[in-house]
Amino acid sequence: MSKHNLRLFQSEEYNEEMIEVEVGSEVNILDDVKEIYEREFSEALAEYNKGKRSDRQIHDYLEYVSESKKNDVATEVILQVGDKEFWADKTREQWNAMKPLLREQLEYVKEIVPEFKIASAVTHLDEDSPHMHVVGVPVATGYKRGLSKQVA
């Protein structure tokens, strides 16, 4: 995910000015996801492990989720207006005009889905249409089994 979203590979078409990191680091999205896991789940994990035998404790919730077939560690959504055909004849200025709209849409996602903790958001203007990759961790509370707060 980091290779594509953050353009950690260098291709002939690569242009640093056409990639904009809105949220997260410019190096490794997994590190940003790890920060969310620490912030969001450490308290629930400590509570869950309290009084449990060591062989029943969860020592690393991120690792636990990544080994589980039940949930994904994180989720990616793409924010985009139009498709390849729509953008084919548009000017670079029109493409750049999408950046504020994509930022606004990102803020709207944060507002309407506060349970989706955003680890990374990167705008791409170097593909077939301007768009934003948003990687986040869906978090839910109130569970009776397992941790009281979990990846949803």
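Predicted model: local features only at pLDDT ≥ 70, side-chain atom pairs only at ≥ 80, totals over all residues.
**View 1. The salt bridge between Glu20 and Lys99.** Glu20 forms a salt bridge with Lys99, and the closest N and O atoms of this pair are 3.1 Å apart. Because Glu20 belongs to strand 1 (residues 19-23) and Lys99 to helix 6 (residues 98-112), the pair ties together parts that are 79 residues apart in sequence. Glu20 is partly exposed, its relative accessible area being 24%, whereas Lys99, with a relative accessible area of 17%, is buried.

**View 2. The salt bridge between Arg103 and Glu20.** Arg103 also forms a salt bridge with Glu20, with the closest N and O atoms lying 2.5 Å apart. This pair links distant parts of the chain, since Arg103 is found in helix 6 and Glu20 in strand 1, 83 residues apart. Arg103 has a relative accessibility of 30% and counts as partly exposed.

**View 3. The salt bridge between Asp89 and Lys90.** Here Asp89 forms a salt bridge with Lys90, the closest N and O atoms of the two residues being 3.2 Å apart. Asp89 counts as exposed at 61% relative accessibility, while Lys90, at 25% relative accessibility, counts as partly exposed.

**View 4. The network that holds Glu20, Glu22, Lys99 and Arg103****.** Salt bridges that share partners join these four residues, Glu20, Glu22, Lys99 and Arg103, into one network. Glu20 is a partner of Lys99 and of Arg103. The structure as a whole holds nine salt bridges.

How values were computed
Residues numbered from 1 in each chain as written. Heavy atoms only, no water. Salt bridge = Lys/Arg side-chain N within 4 Å of Asp/Glu carboxyl O. Helix = DSSP H or I, 4+ residues; strand = E, 2+ residues; numbered from the N terminus. Buried < 20%, exposed > 50% of the residue type's maximum accessible area, 1.4 Å probe, protein only.
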